[in-house]
Each structure stands twice: as structure tokens, then as C-alpha cells.
Amino acid sequence: MSTYAGTPEAPAGASGAPPSDGPEPPVLEAVGLTKHYPVHGGGARGQRRSAVVHAVDGVDLSLHRGKVVALVGESGSGKSTIARLLAQLQPLTAGRLLLRGDDARTRGRRAFRRYVGKVQMIFQDPFGSLNPVHPVRYTLTRAVRIHQGRLRGQELEDALAALLERVHLTPVERYVDKYPHELSGGQRQRVAIARALAADPEVLLADEPISMLDVSIRLGILNLLADLRDRLHLAILYITHDIASARYFADTTLVMYAGRVVESGDSESVTQRPRHPYTRLLVSSAPDPDALAERAAAPPKGEPPSLVSPPAGCRFHPRCPFATDLCRTEVPPLLDVGRGPGGEPLRAACWGWSDRDGAPQVPADEGREA
Amino acid sequence: GPGGSTGDGDPSAAAGVGTETLTVGMPNGVQTENQSPFATGSSALSLGYAFVIYEPLMMRNQARPSEDPEPWLAESITWNEDFTQAVITPRPGVTWSDGEEFTADDVAFSVQLRIDNEGLNAAALPYDEVTTDGSTVTVSFTAPQFVNQAKLYDLLMVPEHLWSGVEDPTTFTNTEPVGTGPYTLESWTPQAATVVARDDYWGGQPQVPEIRYSSYNDNNALTTALTTGEAQWGWTFIADYENVYISADPDHHHQYAAAGLGIDALYVNNETKPFDDVAFRRALNMVIDRQELVDIATSGVNPPLTNATGLPLPAGQEFLSAAYADAELAVDVAGAKALLTDAGYTWSGEALVDPDGEKVTFELTNPAGWNDYLTALDLIKNAASRLGAEATVQPANADGWFADIIPPGNFQASLHWTDGGATPWDLYADIMDGAQYKKLGEPATWNFGRFQDDTATTALADYAAATDDATRQAAMDTIQKVFVEQVPAIPIWSRPATAQYSSKHYVGWPSEDDPYNQPQPTGVQAAQIVMNLEPAS
Amino acid sequence: MFLRNPKALVGIAILAVFAVLAVLGPWIAPYDPNQVSRDLLQAPSGAHWLGTDHTGRDILSQLIVGTRGVLVVGLVAGVAATALGVVVGVTAGFVGGAGDETLSAVSNVFLVIPQLPLIIIIAAQLPSAGGITVALVIGVTGWAWGARVLRAQTLSLRRRDFVEAARATGERTWRIVLAEVLPNLTAIIAAGFVGTVIFAVLSQVTLAFIGITPVSEWNWGTILFWAQNNLALQRGAWWWFVPAGLCIALLGMALTLINFGIDELVNPRLRSTGMHARTLRRRGIRPRVGFTPVVRAGRPAVETSEEER
Amino acid sequence: MTGPVLEIRDLRVDYGFGDDPTHVLRGVDLTLHRGEVLGLAGESGCGKSTLAYAATRLLPPPGLITGGEVWLTDREGNRNDILGLTDAQLRAARWRDVAIVFQGAMSSLNPVFRIGRQLTDGIRAHRPGLSARDLEARAAELLEMVGISADRLRAYPHQLSGGMRQRVMIAMALALEPQVLLMDEPTTALDVVMQRQILEQIMELRDRLGFSVVLITHDVSLLVEVADRIAIMYAGEIVEEATAADVYRRPRHPYAHGLLGSFPPLHGPRRELAGIPGSPPDLQRLAAGCPFAPRCPHAMDVCQQVRPVLGPPRTGEARRVACHLHGADLPGDVAFPAELAR
Amino acid sequence: MSFFLRRAVFYVFTAWAAITLNFVIPRLLPGDPVTALIGRMQGRIDSGAEQSLRVLFGLDQDMSLWQQYVEYWRLLLHGDLGLSFTHFPTPVSDIVAQALPWTVGLVGISTVVAFLLGTAVGTGIGWRRGTWADSLLPITTFFSAVPYFWLGLIAIAVFAVNLGWFPSSGSYDRGMVPTLSWEFVGSVVYYGTLPALTVVISSVSGWVLGMRNMMVTVSSEDYVTVAHAKGLSSRAVVVGYAARNAILPQVSSFTLALGFVVGGTLVMEMVFSYQGIGYTLFEAVTTHDYPLMQGCFLVITLSVLVANLVADFAYAALDPRTRQEG
Ligand SMILES: Nc1ncnc2c1ncn2[C@@H]1O[C@H](COP(=O)(O)OP(=O)(O)OP(=O)(O)O)[C@@H](O)[C@H]1O
Ligand SMILES: Nc1ncnc2c1ncn2[C@@H]1O[C@H](COP(=O)(O)OP(=O)(O)OP(=O)(O)O)[C@@H](O)[C@H]1O
Ligand SMILES: [Mg+2]
Ligand SMILES: [Mg+2]
């Protein structure tokens, strides 16, 4: 296989973006997205009988064609849940979902199948999302048949070959009849991507597509997605723990904490000059071999909050060095905190950026200038 | 006594009382504590110890039904001429096991109990009334009871002083039974009841100090127990008994089959094809090899019937019509085929075709698990095939057979027994009594084959009501004539009362050489047998 | 791969023999099993390889002809119970909610009701409880355990990503169940099937033996019924009693062995050791969890002292 | 840093008992010194986990150790070959001398026991004399050490979050203050905050207790940050081994170079990412020469035929590399790639 | 709904369903108790007594099925199971009380013994996969499918009849009256040995196989490897880690086995003439003794239900994860 032909990766917001005159309306938009999972009995004894996990609370999000939105944040903050909600694999607890401005909440199976033709998802776990009993051929054939009509014989073979070639699983014959357990993690991940692409979607929800791979394979996959974004004007939601890759690959980055978006803006600004204390913690925690000396000595302390009974007010306040009473009582909205290089707004959900009484004093700018 | 027994009740035999417990085994499964001599399912009746606690009025020799009965609790019973009234004179000097004296009132009470409670009248005797004058009891009936004499003799007597206070005798479980018999109940467990000898029994000192009545769950368990000597007296069908049972202890193990007047017959459905045609009935009757059936199906235990009248011989010898004294049942395939040809039957290849042009087929049925019957059916099937008739054996569910097959006549051919009794009347009435006729589909109590012949019906009624032997013999001749000519059922073998016993500890059992009664422990004869036992030297 | 598993191979061989007997039984049996003869209760001989019974019928023929009844009952009951179990269990697990509650309640009831007594009650009362009837009764009463296991498994499968992924691809529900979920349940279904077949065979034989079902249809239980009722053991006629019981046990053994094979086939963890058992023995390697064998080229396995052995 | 505690010599491992086994480790040489953190990185599927398991003989079937030695120097200074120990000796050495934290913390805890019990049973096995109270106290201390409050001792594994379970595993591994701690991707699937929290805790404990660590991870930037030395594996062999700074700044092996050029930096100027063309080799069908040759931009004829051995480069630096380019007999006509000579 | 409420609802529902089924089945089936009884006596009672029996059994009244159902519940709630037909007029509850302890005692104990023994052996075989222990497998698979009665009868032929080591039938010396004496207890043990042994032998294999398979699966779980890595003694690993987890499915199967206690006992009771509930039920079935049939079936079902309940709790105690799920 030769995934890499020396193509430079597409820099964020650079010429690779589709020709756009004015702000193009989002393909997929979520407003006030909320998901609560009921849980029985609670973990420890003596807890409430039936509680809910506040997995996602009031998240707004929009995906545009030819753009990549990165979603970063702590584990368990609800990133995958958002992807599943957008793919309509789970019902919303509250909120709206708009596909090209129309309510996308499908009723009935047919409408759902039309929807999945436009919005496809790559699951987080490449070991779980391929059925171990079916070979690659079956998985892809099903996707092709559903979305491209009843192809047969040579036509089908050609379609499969085209898909596998697209994800650089070549020579095609070597992979098409393999079972998932015969493939490496990266290869599986690419089969999953190929399956999603078979639908020719407009929106791709990629949930940590590279988490389990070594860096060289990671790069191959990111390049593939960038290429698709540019050629097919895909809108991509890119969920990751790897902030550096978000910086490189995504136009916009959202930071999540405990079910809420705490910061959003263009990737460069969010990763280089984070505003929210949590984002700062996140960015400073990311390993960076080039900045060994600058590492803050104090290790971050504290546990992620319980989502069954999340802290009142700002959910980050128990771990926040700047927290005040205001933070402990009132939920901070996403506040405008500046403009990115392209003039797009930067937002952070931190009282430190408001002029309310009792707002915490967050040091103005910790970010390093480039 | 007149029964030819050697020592019942003879005080001189009380030389040395035995020390061993005698174990009686019965394959009757679950037992519950019920010592009622009336309740059909009671432990006492089903295991048989009721018959050593309670006693009958007269002791019949069931191995020789024509012999006169021997006085037991009754010194005598005399009938009026038409057998509608019996006068019972109780034996003096008999005491109940609680010390009370046995009187005529007890007899009258015991009979009255059966009159008052339909549920206790298991013999279904048509009582009219019972009276007593203090020393004798007179029982009258609504119909002549010549053929039912034995049923009166067999009635068990219960003490008035205890039973008169019983609120509902039908549900009374009588946990502390008091009788006149030689034994009293010592202990009861679901597995076994133990009785011990009385020392004030009117008939002398029983020589067996203790008898244990054990219940086994099925024939096989009992067979094993009898074979190993764990049980020494019981009755069950033991296939190949000589190898299985006798040979386990040839010196002591014995099996005695006392032939009475009961037989097993192949009941055929006289109202449906192919048995609605007397020619076919007769033909089938002619091809069955009874000796073979007996040898294979019953290990030779049941004596084959040899006489055309179906009477078991020699027990029925004195009732045999002179016309058939020498009419032997013999296999005659050619004769049977000739008979069928005359009647219009033809053959298509091997297969027999009836005058209507249909192939002759029929189904033989009996409950699954009735091994000797089913084996016999298999052999009858083979015999039928010699005529070209195609028979199949279809074992049925036992309950279904009892409930839905036999009474409503929902069969083509099936083996069934007849009652025994003191005369062959029961045998014939059970097969061919038109008075018992029920339409097909309605449950009948006897005459399952739906046989109707007025001559026979009248003759049966005459026999029962006759007041003299000549009339009876005439009626019997008629009955047998119809039986032989019409073949309402196909007699197969006689149905002896069989039992196994061990002479290891006790001797004096009924046997071929000393047939003083039938040998089973569950019957009124038990009291006579145990009193006849003495320790083996 | 399946055929390289010695256990499965033995199982299949035994089963194949029985299957051939079941199909060809009436033609290859040396005698008509109902044909009485004068050779009463003969010990095995050249004429009667397994001797004769009390009416001189050939026992080998009964055994051969009886194979079909046993296999048919086992198969029908197994298929019926498995089908019911799969339908109920997978449906309950997959639909969830009220449907699940209802179906689980029903299968729990069936699970708690004692099966053999129920079969006896039903079989005893049916006018003619032939083989197929018995099989159906066993099937209808015996599906609950499979349903419960399958439901639990389906519940966990339903939450797996590949099922979600199939939905996200746009698969229809029935297709998800049939093509995505069911294939992953193969091992459980197979085990359940084998279990039910063995249970059905044992039940049928037991019912015949205790005389609940007709003894006219030849099967191994019928042979034992006749043998027991005619005191085969007491008469020393082991040839009458022993072979049928052995056949039942052999059939069960074959099925269990095949099940082992299926297990090792679908469970990749078992596959390698199962298949290479002989090689391992030859090379003196004993694969153990926790103590990886060390085999240096040319030398036998390091025999470490083992307090375990 | 003093002498070696763990020396792996020419370790060979096969998967599969049949006639056609996969040779997963093909002569691995590695030395771990006292008090040091050794990072192990490499392509996924190159045998890193296998190495960790094999060194402790915990490799599950169908794994088979077919050659090599693993020398462990215990506290008293005795050197023992783990591969030659009896079961009882091995049991005694495990946990006391070598502890291991597995890749999946989720499945490494017994779901039916409270974590307190799981923490103590290892201690009890090695120190039979301890009283229940001592054990309890020690367990509490261990939990506190990894930042979990002691009242969680009575919790079941399923009542803990993933990060907590991971830390329980680490606490467990440290229970007997082993000399060597093998950690197989202890922080995959955790976010960077949690990852840092855990790693800093380990480093702190290392400084305090003085054990040595082998850290296996895909995250090269993390390795550069925390490890003293880094070994790069490729297709069942170590291809390069040097101090962290050397590996990061001056990779010598073309694969190591490719690896380091494949991850984007978080800060600073955006740089061009090179990546590594081609795909990992099929371990079952390895050709004779250097396994990296098919993907190597500098492959020479000799690379196709001869497997390079791991050794010091021609320049004589204090590091080891398995590449013909750095071999003593590099043909003169080959243009030495500049990026490998920084 | 909480875990306990849901369980409670389940048990109540199941009990209701079983009790109702229990009412319905005998009535749906053909046959008639009186004719069956007369038949069973084979001429020992006169056929003319049929009507008297009907009156006795209360079969002469005409009640709608619904009325009968209500009446059935009313009596049941008063603890009245009615009078047996065949053992008239003994109350069904007496018969059941007489039989049940024997079944529970003998078969219950041997099932528990078989479970423990099989689980222990299965643990050994599963743990020692690849050694001589594997050769036990064919034997086990063979015994797992041996018909019980076959084994029992052969055992009787060999050990009771030929060798005379054990009695061939009965539950204690028939000469004894049950008392709490050593002699009696000794007799019960002596008589129970052979039946119990055969029950154990024929059922132990299933446990061995089940446990062995689970052991093989569990042995490859990561936490078992961790236990090895901790240097625990092999006993601690096998007992504490592998077997401890492998036994969980065995516990669920054990509930199922309790259902078989009564089913399987029927054959045992027939073969060994042992008194017990199974044979009582069998007799009731063959004689159409509705009240007795219902009584036995009810008791059997309820005891299985109770066993399930116990097993539910045992499972929850053994597996902390279940306590949290619904
Ligand atoms: N089906 C479910 N039932 C109950 N809780 C759930 C369910 N699915 C997810 N959760 C909870 O919702 C929260 C968010 O989960 P989610 O998978 O979206 O997190 P994530 O951000 O993707 O985490 P990661 O980075 O680890 O993948 C978690 O606390 C999780 O435990
Ligand atoms: N049971 C097995 N049978 C055959 N090959 C196996 C088996 N287990 C692992 N392998 C192979 O052994 C090689 C090494 O596996 P290992 O788990 O050591 O890799 P790793 O370097 O830890 O990878 P990762 O980074 O993905 O954890 C892989 O190529 C894998 O495919
Ligand atoms: Mg996620
Ligand atoms: Mg690994």
C-alpha cells in the first residue's frame, strides 16, 4: 500500500476549503442537544433508585461542507454521545437537529434510511464496529447495496474496489475477503471509513478514528480524510484526544467538559491561546517534547465530576483554581471572548470572561504567541 | 375341614411358634394411612393385611370353586329356595381384638352399613333389608342371588361397638383397626405395615408371630425383592419365573397358580367389521395356537383353554355341557379357510377379502406395559396373518384404555379378563349378557363386545334365577351352545390366581398338591393361609 | 478446520453411523423387529448378533429400526425448542421494553415449571402420544432456558457497535437480526440445540420406559421397556438391556463431542490448542495460562517442577 | 543510575503451535538499568506487548518462547534467568521483583472481588506473616498513593471509573515495591489530563522508591517527555535504542525517523509531516533481509538480503541501531542520507 | 422499578401462572378418574359401584370452569389441596407431606453433592487442559447422556442382587418405624446410598462439562493472568480467580437442575421403590387423581420457584455486578 504520496496535509482554513461566497448555511446543525441516560439503582449502596447520567447538556454545534470540526475533551464528557445523537442512533432527550435547515428528526424507517444516506458515522472502536463473523466484502457490499442500488457481478466488484482504493487498502484482492480479526487496527479503521463513504454522505462523523494506531498510520488516515474533505466537500466532525492533530486537521475546535461545550473557536486559537481554564489544563497536559522546560511543575489535581449528579454552576468549578461563588451557583453561558484569524467568533463558557459581579479573575492570556 | 386343608384353626398344630417375620410384598406404590376394610384404595386392602385383621363369613376354596364353602365367622348360612334370602348364624366364642364379643348384631350392623352407604357396597349386592333375632341374621335381596352367593360369604365383618360411632364410614380411615382376625396392627409406615399375632384368636395360636406387608413401586421391584428373599410372599407376573424366581432358591421358592373359573378372552367388537361376521370370528378362533400363546406370553403360567366352551378345566368340569365334553380347541387353518370360503370370502394374493370386496384388516389393542397381553396380541396378529387378515397391534395408554376404549366399545379386538365366581355364570355374562348391552359409544360395564343374542340373554337370566340344578344345567347348556357357535369372544387362557411364596421359614402354603385355597395374600383367603402356616423345621 | 478437530471427528463419525442406521434402518436390519420366532431369549450368536428377546425377536434389528425414532424425536424437539428459543430470546433481547418484559416473563414461567413432570402429564393424557407428539411436547416445554441465555446475549450484542453500525449504514431491522446478531450466537444456539436433543432423547426413552408412550413404535426406549418388563437383567439377558442404553449414551457423547468441536471452531482462543493437541504432545509442550512454555530449538520443553501436577 | 536489573537477551517468541508459527519476537535484546524509565514504541502489532508478557512468562497460549534469556537481578544482587525458573521460584519473583500493568485495566480486575481484597492478596502471597490489619493499612496507603481515597477499598471494580481502575492497577503493581515495573499502554483511552496525572504519579513514585520502568506506548511525544531511554521496535526486533533526547533529535534508523516525522507538534510552527509509506510487514511471511527494507527510502541491495544486527553505529555514539546504513561496511558509493546524520 | 420489586413481580406472576396452569392441565385432558380407578382395581371393585364413587369424589355436581377455578383458589388459600381420589379420603396435603421430605432429602442432597463434586472435578479438568486430565472428558461426555434408569437398574443388578452390598429398594428398613434414633438414621443412610450414588453419577458429568468449559474460557481472562503475575499460589489463582468466576453460570444452571430434582427423582423412585413426590405424581397422573396431581405439581413448582429465589440471591451475592442492573 502506498497511502502517502507526499501530499502535504491541508492546513486549517487554507486554500483547501471549498469555494465559498459568504457564510454557507450548515449542512447539519444541532441546537440545545441534550442526552440523559437513565441508570438503575446507582453504583454505591444507598443511592437514589433511578438517576440519569447527564451525558450531554445543551450543546450547539454546526457542521459546514468542506469544513472539519474537532471535538476534544476529557474522556466521558459526551463526545461519542454527540456523534451518536447526530447519527440519530439514539433519541434526543431535548434539543433540535437540523439538516439543511429542516428538522432532521426522522419518523419512520424510510426517512431514517434517507437520513443515514447523508450522515454517516465512523465508530470509535474499530474492534467493535465490524461484525467479526462477516468478511470485508460483506460489510462493504451491504453498504453499497443500500446506498447505491442493487449492484451485481462486475459492477459490484468495481464499486468495492473503488471504495477500498479510496482508503488505500490496496491491492484490493488482498483485503476484500479478509475477516476483521485478520486485519490490523488501522486496516479495520479504514474498512469502517470505507463503509461510511459507500453512502456518499455529506456529513461524516468520525469518532476517534486514530486513537489506537501508531503515529505513522494516524497520519495516513488523517490525510485520507483531509483529501475527502477537499475533493468531496465533506463536512466532518472529528472527535479526538489528540489536540495536536485537531490543531492540524480541524478548522474549528470545540472543547467539552462533563457534557457541556466549554470553549469553541478556530483550532489555532483554541489550541494556542486557550481561554477556558479547562482548555488550558488540557492543552498544558498534552505531551509536547518541544516544550519540556516550560512544563508547569504542579500536576493537575482532581477527579472528573460525576455525571449522575453533576456539580451545580460551572461543572469545572471543583477543579478550577479561580472558582468563585458565582461559578458554584450559576451555569456560565458561552461568552464571546474574541475573534479568530478569519474573523470567526471565539467563545468560552467561563464567568471569568464576563463582567458580572463576583466573576473569577482568570489571567487574561496564558497562551503562547506563535 | 371340607376344603381339604390340613390344619386351619387346628390347635394341635400350635407346637412351636415361629420366630421369623413373614414379609409380604405388593407392587402397589404409594400408600397412605388408611386401614378401612371398605375404602378401595386403603392401605389395608391394597396390601392385604385387612384380610388378617378382618374376616369373612364363610371361607370359599377359590382353587376349587365348586366345593362347598367352609364356615368361618358364620357357623352356617342357609338360603331360601330362590336365593333371595340368607340366614346367617354367627360363630360363638369369637372375640374382637379389643376383647369384646362378636355377635349377630355385629353381622347385622356390618351388612346394614353397606345398605346405608352406597359407597361401601363395593360388591353391588341388591340388598333389600337385614334383620336379626339376636342369634341369627337374615339378609334379604331384591333379586335371586344364586350366582352372587360368594359375594355375601366374602363380606368382612366390622365391630358395631366401634363403627356405630363413626360419623361417615365412607371417609373413616380407621387408624386403629379392631377385627376378629388372627392379627392386629402393630405399626404402619408408608413403606410397610406390620401386624402381630393375637394370642386370643378363636382359631388358635397363629404360628407366624409377625407379618410385614411391604409396598413396592412396581412389579420389577417386587420381583427383585421376592428373588432376593427380602419378601417371601406376594403376587406379580414374573416372566420366565422358573429362571428368575424359582432358580434363585429352588428348594424354597414356589409359584402356585390356582385356576378358578375366570378366563382372559379376546373381546371382539361384534357390531363392526370384520368381527360383525360370525364366520370371521369362528375362523380366527380356529387359527389361534393357545399353547404357543401361553408358552411365550405367560411363560406357561396361565393354563391354555382347551375346551371349545371356554371353560377352564378341570375347575369348570362339572358345568360343562355334555354336548361339548370333547370339543377341543385346535388349530385348523385349512378348516378356517374353508369356513371363510363358504361365507363368501376370497383371497387377493395373500390378503383376505371379505364378501363386500374389502380387505380384512383389524387393530388389536391393549394398554402399553401389559406385557403378557401385548405379547399375546402380537402372536394373535401372526395367527390372523395365516388367514390373510392384516392385523396391527396398537398399545394404548392404560387410562385411555380403561376409560375411552373398553367401556364404549371403541376397539376392534382387545384382551380382557372375566370375573371368576363360584359358577361360570360370571364368565359368560361378562362376555355375552344382552341385559348388559349398551349402544356403541355408551359406556358398558361388561359385554364390551356388544354381543346380542336373545337366547343367551334369557338363558343367563334363567340360570341366575333357577331354583334347581336341572334348570341351571339346561340354561348353562344353552349358554355354551351360543358361545361355541357364535363366538362372541375368543377365549384364550384361564386366569389363575397366582402367587409366589418361599418355604424357607414357613411351610403349609396352598399348592398343587394341597390346593386348599388360592395362594394370594390379598383376599379373604389370607386368614386361612396364615393360620395354615407353620415354621419350617 | 472443523474436521481437523479429533473430538469433533469422533463425534461426527458416531453420529454418521446412527444417521445411516436411521435412514436405512428398515432395509439393513437383518430381521423384521416384530417377527417372533421360536428362538426365545437367545444370547448373541451368529444368527442374532445381539440375541433375541422373550418372543424371539431380533434385538439388533430392533435397535437398528429404533434408531430413526430416536433421531427424529431428538431432531424435531431440538429444532422446535431451538427455534422457539431463538425467536423468543432474540426478539426479547432485541426489541427491549414492554415486549421484552412480556416475553421474559413467559419464558421465566416456562423455566420454573418442572419440565419432565409436565411432559409426563401431557404425554400421558394424549390419546396416542407418538414420537412426534412427544418431540413437540418436549420442544414446547424446553425452549425457555435457551431463550433466557439468548436474550441475555442478544442484549449485550444489541449494544455492540457493529449492530449500531449496521443501523447507521441503513440496514433493515430484520436484516440486522438475521445477518448481524444471529451469526454471533451460533455457539450458544448450537450448544442449546445439542443440549435439547440430548434431553429430548433421554426424555423420550424415559417416557417409553415408564410406559407413558406407545411401545409399538420401535425406539431404544421401547427396547428397554420390553427388557425391563420381562426382567432382562434378572434373567441375565444383558444383551437385551445393555446395548440400547449404550447407544443412547454414545449418541449423547457424539453430540457433546461435536459441540466441543463447534466451541473450538467459533472460539479463537480454543482453536489453536484444540487443533494442535497432538503436535503439542509430541513436542512435550503443555500450553498453560500464566506459565508460558519455553522450548529452545532442538531441546524439549523446560520441565519446570510443578506442585500443580 | 547503576547496573542493569533486567537484561533481555535474544528473546524469541512464536505464536501458534502448528507447523507454521508466526515468529513475533525475533531476537530481542534490551537492558533496563536500575531507576531508569525505558520507553518502548513502535508500529502497532510489532510485538511490544508480546515482549512484556514473554519477559515474565505470562504469554497466553498459543504463545511459545523459543529462545533467549531474561536475566533479572534481584535486590540481593543474584542474577536469575526467568526462563529457567521453576514455577515456585517464578511465583516468588513475580510481583516482588517484576510487576506488570496490563494494557486493559478494565478487564484486569476481577469483577467479583472488592478492590481491597485484590490489593492485599498479592501482598499476602509474598509476605504470609502480615496480619489482616497490616494488610488493610497497606492497601489504604497504596490507594492514597495513587490519589484515590482509602474508603474506596470496599468498592467493586465496576463501581470505579476507567481512570480509577487504571490507578488501582498501578497501586497494585507497586504493592511490593518491585524493582521493575512493566507498563503496557497504561493510559490509552484516557484523556491527556488523566494521562498526565497518572504518569506524573508514577514518576514521582519512581523517584521515591527507585524502581525501574518499562513504558510501552504509541504516544512518542509522551515517551520523549517521560522516558530516559527509548527503544524503537519494528516487526519483532529492536531497531534503535538511545536516550530519549537522542532518539527525538537525532534518530538514526529510517523507521525511527519516519515515526518522529509523523506526529504533528502541538505548539510552534506547523511542520510538514512526512509519514512512512507502505504498510507493516506480514510477520508470517518475512523476507530474508531487513524487514523495513520494502518501505525504506534508503534501501540498498544488501538490505534485501541481510538482516542488520543491533549494534553501535559506525560513528561510535553510545547508542544502538539496526541498520546497514550505520554499519561498519557501508559501501562507499552510497550517499548517506543527511537527515540520519544530524 | 427497583431490582427487588421487579423480582417480586416476577415471582408472583410465575406463581400465579404455574398455579393456573396446574388447574387447567388436568381439566383439558381426556379420561375420568372413576373409570380409571375401577380399571386399576381390575375387578376388585364392582363396576356397579361407579356411581357411589362419583358421589364420593364430588364429581357429580355441575360447576362451570370459572366457578371451579374460583373454588380452587379459595381452597388453596385456605391451604386445602382437597382429598386424593385414589387414596380416598386421605387429604392430598398429607400425602405430599409424607413424600416430600424423602425427595428433598435424597435427591436434593445428591444434586448438591453432584454439583459440588462436578464443579470441583470440572475445575481440575479445565485448569489442567492439555494433560492427562483431558482423557477424563470422553468418560464424562459418555456419562452425561446415560439414561438414569438404565444406570440405576444395572446398579441394582450388580450391587444389590449379585453382590448384595445394598438393599434393592425402599427408603429404610421396612421393619422400622421412623423415629429419631441412630438405628433409623443409619438405615436411611444405608438405603439411600445406592440411589444417591446413581443420581450423583448420572448427573455429575453435566456439571463437570459445564465447569470445565467455563474454566477454559475464564482461564484466558486478563484478570487470571494478573493473578498469575501477582505470584499468587496456584491454589489461590484457581480457587479465587478462575473457579470463582467460572462458577457463576453454574449457579444459574443449578436452579434449572433443581427443577430436574423432582423430574429426575420420578425415575429414581420407580427404580428403587423409594418413596417420594415424583412417584406420587406419576401415580396420580396414571390414575387421573386430579387433586393429588395438582397438589404434587403445585408443590414441585413452588419448590422450584423457591429454589430459583434462593439461587437469585446466591447469584447476586456471588456477582456484585448483578446487584446494580435491573
Ligand atoms: N448507554 C449508556 N447508558 C448510560 N450511560 C452512558 C451510556 N453511554 C454513555 N454513557 C455515559 O455518558 C457519558 C458520556 O459518554 P461518551 O461515550 O459520550 O463519552 P466520550 O466523551 O466519548 O468518552 P471517551 O473519550 O472515553 O470516548 C459517560 O459518562 C458514559 O458513562
Ligand atoms: N494469538 C495470536 N496468534 C497469532 N498471532 C498473534 C496472536 N496474538 C498476537 N499476534 C500477533 O503478534 C504480533 C504482536 O502482537 P502484540 O500484541 O505484541 O503487538 P503490540 O506491539 O503490543 O501492538 P499494539 O500496539 O497494537 O498493542 C501482532 O502482529 C499480532 O498480530
Ligand atoms: Mg468516545
Ligand atoms: Mg500491545
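This is a predicted model: local features need pLDDT of at least 70, side-chain atom pairs count only at pLDDT 80 or more; totals for chains, interfaces and linings use all residues.
**Ligand 1, chain A**

I started at the side chain of Thr81(A). One of its N or O atoms sits 2.4 Å from an oxygen atom of ligand 1.

Next I looked up Gly76(A). A polar backbone atom of Gly76(A) is 2.7 Å from an oxygen atom of ligand 1. Then I went to His241(A). There an N or O atom of the side chain is 3.1 Å from a ligand 1 oxygen atom. I also checked cover: of the 640 Å² of accessible area that ligand 1 has on its own, the protein covers 66%.

Which elements give two or more residues to the shell around ligand 1? I found β2 (50-63) and α1 (79-86) of chain A. Of the elements, α1(A) gives the most, with 3 residues.

I listed the surroundings too. Ligand 1 has 14 residues around it. Gly76(A), Lys79(A), Ser80(A), Thr81(A) and Gln124(A) are the closest. By class I get 8 polar, 4 nonpolar and 2 charged residues in this shell.

**Ligand 2, chain D**

I moved to ligand 2 and began with Ser49(D). An N or O atom in the Ser49(D) side chain is 2.5 Å from an oxygen atom of ligand 2. Lys48(D) makes its approach through the backbone: an N or O atom there lies 2.8 Å from a ligand 2 oxygen atom. For Glu185(D), I recorded a polar side-chain atom 3.3 Å from an oxygen atom of ligand 2. The protein covers 63% of the 640 Å² of accessible area that ligand 2 has on its own.

How many residues surround ligand 2? I have 14, and the closest are Gly45(D), Lys48(D), Ser49(D), Thr50(D) and His218(D). Helix α1 (residues 48-55) of chain D supplies the largest share of this shell, 3 residues. I sorted the shell by class: 7 polar, 5 nonpolar and 2 charged.

**Chain E**

I turned to the record for chain E. The UniProt annotation "transmembrane region", from an unreviewed entry, covers residues 9-29, 99-127, 148-168, 188-209, 254-277 and 297-318. I checked two of these spans against the model.

What is the helix content of residues 188-209 of chain E? I read 100% helix and 0% strand, with the end C-alpha atoms 31 Å apart. Residues 148-168 of chain E came out at 71% helix and 0% strand. Their end C-alpha atoms lie 16 Å apart.

Definitions and conventions: Residues are numbered from 1 along each chain as its sequence is written. Chains are lettered from A and ligands numbered from 1 in the order in which they are written. Side-chain values use heavy atoms; hydrogens and water are left out. A residue is near a molecule or strand if one of its heavy atoms lies within 4 Å of it. A polar contact is a pair of N or O atoms within 3.5 Å; within protein, one must be able to donate a hydrogen and the other to accept it, and residues adjacent in sequence count only if both atoms are side-chain atoms. Accessible areas come from the Shrake-Rupley method with a 1.4 Å probe; for residues, only the protein chains shown count as cover. Helices (H or I, at least four residues) and strands (E, at least two) are DSSP runs, numbered from the N terminus. Ala, Val, Leu, Ile, Met, Phe, Trp, Tyr, Cys and Pro count as nonpolar, Asp, Glu, Lys and Arg as charged, and the others, Gly among them, as polar. UniProt positions are given in the numbering used here, feature names are shortened, and annotations may be inferred rather than shown by experiment.
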